[in-house]
Amino acid sequence: GKVLVSGANGYIAVWVVRSLLEAGFSVRGAVRSADKGAHLKQLFASYGEKFELVIVPDITKEGAFDEAVKGVDAVEHTASPFHMNADDPAELLEPAIKGTEGILYSIMKHAPTVRRVVVTSSVAAVLSMLDKPKVFDERDWNDQAVAEVAEKGKEANNGSKYRASKTLAERAAWKFMEEHKSQIGWDLVCLNPPLVLGPVIHAVSSPDALNTSALMMWEAFTKPGKAVGSGSFVDVRDLATAHVQALMNEPAGGERIIVCAGPFCWQDWLDVVPASNTNYEKGTPGAGKSFVHLIIFENGKAKKLLGLDYRTMEQTAKDTLEDYEQKGWIA
Ligand code: NDP
């Protein structure tokens, strides 16, 4: 079958495209300009006609994906802005929501062959900020961020603006499904990853130009004082596998699925590197050990529905550092 991947030049999406091709699918990658597709063309040249590009200049325009969806069997919608420096929340909300709704309308109108749609949502659409520890699962929704942005607009926390964009986009997707279920022949899977880390195969001119999550990792390893705070992670390659498995496993249809390896403190990443490796920041070894994580994600559903096995921190750290070394990003 043929799969449309939106935002195909992104950090996660290039791994998704690669995993789909390796699994035997044909892939049509949607990017904003021919320029942004050049690296992909080169990277996947050996797949010949099994990999093609389509240009969708503005995902917020009505009917933007009308041509792109024609003739595909499944869609992976990953395109959405992920950064924490929007002043006006609309900068994030508009492409997140309109991009999601728009691609679903285009599929309904122009792609009767589609059987499944996977949307790359986020735990940003699941979590909320609490003062006591909580284990979040797929029943939880981040209405807190949405309320904060509705109330404070530009004055809202920049993280909340991003999290509201993901919550509203995912809600819009499920609402679309509910409203159009009698008119469509496909079902929806939403994947909800935490911070996505690991090796980089998309086009990056220099490490400073990395996407938000990969940049955080690079800074933690290479800049003094950056390895502070905590989060949860999944290796980008495991998330790519999840995107493939979400197409292949019937019971995943109609589900939102948290795809999370576990929590971390940034210091933990420095601590899993062999002490003999002097080229990386050392931070304050052990400082993460006694940390109490307030936010924990239940991750059993992905194991059950997608058969996922998660890479460990050691594996992700090792492969990421080897990647930096190969790229000459570190001595
Ligand atoms: P990248 O920034 O590497 O990729 C984002 C992709 O979305 C790019 O193809 C980008 O296109 C496209 N995009 C962004 N804004 C717009 C816009 N306004 N109009 C059209 N296309 C746009 O980020 P990631 O790979 O990290 O993110 C991919 C998806 O994964 C997003 O939906 C994100 O919310 C989600 N996610 C990411 C996590 C992470 O830790 N990385 C965690 C959880 C979810 P262009 O290059 O042209 O700007």
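**A walk through the model**

Reply: Happy to, and let's begin with a residue: arginine 256 is buried, because 23 other C-beta atoms lie within 10 Å. The cut-offs are 20 or more other C-beta atoms within 10 Å of its own for buried, 12 or fewer for exposed, and partly exposed in between, with C-beta atoms placed from the backbone. This is a predicted model, where local features need pLDDT of at least 70, side-chain atom pairs count only at pLDDT 80 or more, and totals for chains, interfaces and linings use all residues. Residues are numbered from 1 along each chain as its sequence is written.

Me: Which strand holds arginine 256, and which residues is arginine 256 in contact with, leaving aside its neighbours within four places in sequence?
Reply: Strands (E, at least two residues) and helices (H or I, at least four) are DSSP runs, numbered from the N terminus. By that rule arginine 256 belongs to strand β10, residues 256-258. A contact requires C-beta atoms, placed from the backbone, within 7 Å. Leaving aside neighbours within four places in sequence, the contacts of arginine 256 are Ser121, Glu138, Cys190 and Asn192.

Me: How far is arginine 256 from leucine 270, C-alpha to C-alpha?
Reply: Along the chain, arginine 256 and leucine 270 are 14 residues apart.

Me: Is asparagine 279 buried or exposed?
Reply: Asparagine 279 sits in the loop between α8 (266-271) and β12 (295-297). Isoleucine 330 is 51 residues from asparagine 279 in sequence, with 7.4 Å between their C-alpha atoms. Because asparagine 279 has 12 C-beta neighbours inside 10 Å, it counts as exposed.

Me: What about arginine 171: which class does its count of C-beta atoms within 10 Å give?
Reply: Arginine 171 is found in helix α5, residues 158-180. Alanine 125 is 46 residues away from arginine 171 in sequence and 8.8 Å away in space, C-alpha to C-alpha. Since 18 other C-beta atoms lie within 10 Å, arginine 171 is partly exposed.

Me: How far apart are the end C-alpha atoms of helix α1?
Reply: The expected span of a helix is 1.5 Å times one less than its number of residues. Helix α1 has 12 residues (11-22), so it should span 16 Å. The computed distance between its end C-alpha atoms agrees: 17 Å.

Me: How many residues of α1 are buried?
Reply: The buried residues of α1 include Tyr11, Trp15 and Leu20. Overall the helix is mostly covered, the count being 10 of its 12 residues.

Me: Which element gives the most residues to the shell around the ligand?
Reply: A residue is near a molecule if its C-beta atom, placed from the backbone, lies within 6 Å of it. There are 23 residues around the ligand, the closest being Gly7, Gly10, Ser80, Pro95 and Ser213. The elements giving two or more residues to this shell are α1 and β8 (195-197). With 3 residues, the element that gives the most is α1.

Me: What is the radius of gyration of the protein chain?
Reply: The radius of gyration is taken over C-alpha atoms, and the globule rule is 2.2 Å times the number of residues to the power 0.38. For 331 residues, a compact globule would therefore have a value near 20 Å. The protein chain agrees with that, at 19 Å.

Me: And what is the mean pLDDT of the protein chain?
Reply: pLDDT is the predictor's confidence in each residue, from 0 to 100. In the protein chain, 100% of residues reach 70 or more, and the mean is 97.

Technical notes
Contact = placed C-beta atoms within 7 Å.
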